[in-house]
Amino acid sequence: MKCFESNEIAKLMHAYASAEPFRKPEKTNPAHPWERPLRGNDLSGLDLESPLAAGELATNRSLFFQRMLLNVYEQSMLYLPRAKLGEAEMQAFQAFYDAILVGFGEQLRVPLENLTFSFLDREVEVTGKWDGPLLEKYFLDVIAEQNTKPIPTIERALESRSPGRLFKYLLVQEAADHFSEASPMARALLGNFGPIQSELLKIFIDEYGYGVHAKKHSTLFEACLSSLEVKNGVHDHFIHYMPSSLALTNYFHYLTINKRLWFRYLGALFYTEASIPHYHKLMSAALKRVFGDGVDTAYFDEHVHIDGHHSRMVLKDLILPTITTHGPNIIPEILLGFSQFRFLQEIADTDLLAQFDFIDELDVQMACGPENALAVYSRTGEIATFVEPKGEISYSHIHDDAELFTVESGTLDLIVGLEPIGMEAGQAVVFPPGRLHGTIVTSDSCTYRVERLEAK
Amino acid sequence: MKEHIGFGEVERSMRGPFYSAGMRLFIAFYRERYYVLEDSCKHRSGPLSLGTIDMEKGTITCPWHELKSCVKSLVKSAIPSIRMGERIEFKVTKGTNGASLS
């Protein structure tokens, strides 16, 4: 069912993206949890009609939609900073939760979900006659096989010359979810749906630390970041969230806000709970290996233990009883949730590996110049030159084509990993297509040139 | 009843026929969906994968004796499978289904 004409969506998106919380910031570090820039100026060049394809997750269009969708979902949740609310913070708080703005977001939610997630219905399908025992065997078989394999992102970060930098970046990608961990589950709990509601509550109690704030999973995650001297306020790293990381977080909001997708949620929940113990066991060991005893791995160690229980509880106490009650017709939906999230996770891993390569490759480019990186591209001569004053931010974004980026005068910082990379006149780097990056001018004025490149 | 022994994986571009634990299988694309089917005509186990699909009539004609099978019926007995992008995972059953083509 078509709910909006594209020009209506465009108008609403313009209105939403130009609201105070989503405008271009004055600094790269957000002042509070409600500062979530959207780069509304990109809107005019974006296709707002065609849903994203599976191969389009690492694009600027995807980034724009996923950022906006996260903001829409999170306007129905409460975020407060740790420090006292001053006058400016109170204004920002009111602006983020402004009733008209929230209303715009609610109108945009379904079109945004269609743009961002409908590809999953085309790329993942379930056929044939399944029953409860076969579903259980399949789930356990997939997880058992995963548990025998290394985690590619962890392996890649360990191989880096600067593993600490990549592990911090990995943690920041997960932060989009972990700062509000299990909030979609809280949304899933509402209503009245029989004994499984109470079973889900048992899992939720663990996620929220039994009412003890220090035990709440999001608190454990914040402590991990803090032990690594990484900023740990809610969405302090909004600028670094990759679209595929946001998609993983948004997918659970999508499943739980749309009640028709309840059975899909059960499958996705099992996949994530069952995958985590192995992943977090390797993550905890890797963090200790890279950062030594000073790193707080309680977040990961807790999940190795508790998610072993959660995966059993989701399967035995939620999924199988649901199939017994409602019959085999719901099985394809449960399988879809499991497989869609698995598919999305694979895309996100591939995207993050490419970003890791980009971050490490920048070291080489800064030291030796961009010649090697340029070798796989042809120059097009399509050049745009920018002159920007001190403090001007080009908020993080993505290009579909590769670019040769050259500083002609002045200085600026590249925003790629968590640490800024200083560039001065005469230096140049190649941005491959699909890689998240931004800049901030650090001299009184800076002139830089951008040339579009084509793959050879 | 055929014995279920695990799950297999195949690329959707494979189409088939391909073998899994003694079963000859193929992938049929019908009404925008991919199905993993036994590659065996109910008549004399002919290779349906080499048959001709008539989308309008919804039939597949076995190349051996030109027996027409209803695709809608065939997909009802499709092997349980999940497609994620290019990859299809399917239930593997031990057995044989007709003569080898090789």
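Two strands pair if DSSP finds at least two bridges between them. In this predicted model, local features need pLDDT of at least 70, side-chain atom pairs count only at pLDDT 80 or more, and totals for chains, interfaces and linings use all residues. Residues are numbered from 1 along each chain as its sequence is written. Strand β4 (residues 402-409) and strand β9 (residues 445-455) of chain A pair in the antiparallel sense over 7 bridges; strands (E, at least two residues) and helices (H or I, at least four) are DSSP runs, numbered from the N terminus.

**Sheet**
- An open sheet of chain A holds 4 strands in the order β2-β9-β4-β7, with antiparallel pairing.
- The edges are β2 (377-389) and β7 (428-431) of chain A, each with a single partner strand, so one side of each has no neighbour in the sheet.
- On average, neighbouring strands of this sheet are turned by 20° against each other, direction ignored.
- A:Leu404 stands opposite A:Glu451 in β9(A).

**Helix pair**
- Helix α11 (residues 243-257) and helix α14 (residues 331-368) of chain A pack at an angle of about 160°, their axes 8 Å apart; axes are lines fitted to C-alpha atoms, for helices over the stretch in contact, and angles run from 0 to 180 degrees between N-to-C directions.
- α11(A) and α14(A) are therefore roughly antiparallel to each other (angles over 145 degrees).
- Residues making the contact (heavy atoms within 4.5 Å) include A:Leu248 and A:Tyr251 of α11(A) and A:Phe341 and A:Leu344 of α14(A).

Technical notes. Chains are lettered from A and ligands numbered from 1 in the order in which they are written. Side-chain values use heavy atoms; hydrogens and water are left out. Angles under 35 degrees count as roughly parallel, over 145 as roughly antiparallel, 65 to 115 as roughly perpendicular and the rest as oblique.
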